[in-house]
Amino acid sequence: RRTGFERIDGELCCDGFPLSEVARLHATPTYVYSSELIREKYRRYDAAFGDTAHLVCYAAKANSTMGVLGLLAAEGAGFDIVSQGELMRVLHAGGDPKRIVFSGVGKTRSDIAAGLAAGIRCFNVESLAELERIDAVARELGVVAPVSMRVNPDVDPHTNARIATGLKSAKFGIALRDVKDAYRRAAELANLRVEGISCHIGSQVSDPRPYEEMTEVLFALLRELDADGIRVAHVDFGGGAAVAYRVGDPELAPEALVERLAALTKEKAPYPVEILIEPGRSIVAEAGVLLTTVEYVKPMEADADCCIVDASMTELIRPTLYDAWHRIEPVAHPARAGAKPVNIVGPVCESSDWLGSRREIEVAAGDVLAVCTAGAYGMSMASNYNSRPLPAEVMIEKGLPTTLRERQDVLELFAAERAPECAKQGPL
Ligand code: LLP
């Protein structure tokens, strides 16, 4: 069977199924995922550990669609979550609570209670105040909460500043100087049990060196804590491996990252520990495209024409938010170099609503385009701005399309809203 996105007789296909056919069946904008590529990426991470004790916790925020979570749960994946909403999604998708780690700087009491009720693997604690809160909630519920301190290692991941998290100026993690106090405090609190130590330095990191620096910092802490009689069962190195959005962009392959982390742990950890990682983007990014149809091509006086498509920043906000570059290709035939570059923009009333700038491809109204490498932080960051319904999502499974999510119904957009007395309501 064919795997991933490739052209067959000129037509762009996903796992062998033509994308133009998906667009015909489901209309656009629609996300399409390759089940084969998601599974393959997860398995590469898992296999790269060999005999080393490990758990791959997929970062659900990258794509939290039930069908994607369900596929990974069936593979035996663990999950990294950041809210009660993600917790419920993972549990309903069949995820094992014992394989869930709960990150995030602002965990509410109800987040914590939900995690405890589910019996998750551990909370990645991001402040001393949160540590006290987890102990208090656990005491009320009469349980012991498993915790792992998320360390801010003050390491520069050399990535886009908007997705860097491991510098001391970032809001994430416990400052290095406070980490030992946090472990000592955890040892005093009766409703906490120390499970691990964790870290996440940023996203779209292509250089293995920041990870090496992070391991140095974490193992030095483990040695100091060991001297105080405090030991952990696992070390969680977070996610962040880069994928190539353009051909030739630097990427960090699962094997390269895992083998390095496993070797460093074996050599330098003061005692044997289980390794956890939290990859998000690198499992799903390349497995998804966003299909969109050209509505209008507007000739411009400027040096680029305007190609207005039916997808926008509400389906894929990465170009707007990070100036991210996504490859855009016609699905029916390979891109033909156009005479004049086009700016590919959406219908949303914002100048920053664009998907691609100055692309030299020939486009005409009615063409279906694929915005590539859109499986991560696409759908999960989609919004209803301009009262646009959320797009449909389709997964190619065993070579055939299955609907993961129906396109949102327009009436659903305001179904939860209530009118005040003074309002006149129209017909429904
Ligand atoms: N673990 C933690 C604690 C995280 O905060 C993140 C991502 C991950 C794991 C997964 O990182 P990944 O392997 O996906 O790089 N919206 C941005 C990315 C934000 C990443 C936030 N945290 C984007 O579209 O580029």
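## Around the ligand

The ligand has 21 residues around it, and the closest are Ser 203, Gly 239, Gly 280, Arg 281 and Tyr 377. A residue makes this list if its C-beta atom, placed from the backbone, lies within 6 Å of the molecule. Two elements give two or more residues to the shell: α10 (281-284) and α11 (318-322). Helices here are DSSP runs of H or I with at least four residues, strands are E runs of at least two, and both are numbered from the N terminus.

What sort of residues make up the shell, by class? Seven are nonpolar, ten polar and four charged. In this scheme Ala, Val, Leu, Ile, Met, Phe, Trp, Tyr, Cys and Pro are nonpolar, Asp, Glu, Lys and Arg are charged, and the others, Gly among them, are polar.

## About the model

A quick note before going on: this is a predicted model, where local features need pLDDT of at least 70 and side-chain atom pairs count only at pLDDT 80 or more, while totals for chains, interfaces and linings use all residues. Residue numbers start from 1 along each chain as its sequence is written.

## The whole chain

The chain has eleven helices and 21 strands. Its C-alpha atoms fill a box of roughly 70 × 60 × 40 Å along the principal axes. For 428 residues, a compact globule would have a radius of gyration near 22 Å, and the chain agrees with that at 23 Å. That radius is taken over C-alpha atoms, and the globule rule is 2.2 Å times the number of residues to the power 0.38.

Of the 428 residues, 47% count as buried. Buried means 20 or more other C-beta atoms within 10 Å of a residue's own, exposed means 12 or fewer, and partly exposed is in between, with C-beta atoms placed from the backbone.

## Two domains

The domain assignment gives domain 1 (5-32 + 285-414) and domain 2 (104-277); such bounds come from an automatic or database assignment. Seven residues of domain 1 and five residues of domain 2 take part in the contact between them, where contact means C-beta atoms, placed from the backbone, within 7 Å. On the domain 1 side, the touching residues split into three nonpolar, two polar and two charged. The C-alpha centres of the two domains lie 36 Å apart. Back at the ligand, each domain gives at least three residues to the shell.

In α7 (residues 176-188), the buried residues are Val 179, Ala 182, Tyr 183 and Ala 186. They cover an arc of only 95 degrees around the axis, so they sit on the same side of α7. The arc is that of the directions from the helix axis to the C-beta atoms. Arg 177, Arg 184 and Glu 188 are exposed on the other side. Among the packing partners of the buried residues are α6 (128-141), β9 (145-152) and α8 (209-227).

Helix α4 (residues 84-92) buries Glu 86, Leu 87, Arg 89 and Val 90. These fall within an arc of 165 degrees, so they line one face of the helix. They pack against α3 (66-74), β6 (78-81), β7 (100-102) and α5 (109-118). Just after α4, Gly 94 has a positive phi of about 100 degrees.

## A look at Tyr 31

Tyr 31 belongs to strand β4 (residues 30-34). Is Tyr 31 buried or exposed? Tyr 31 counts as buried because 30 C-beta neighbours lie inside 10 Å. Leaving out residues up to four places away in sequence, the residues Tyr 31 touches include Gly 288, Leu 290 and Met 379.

How values were computed
Two residues are in contact if their C-beta atoms, placed from the backbone, lie within 7 Å.
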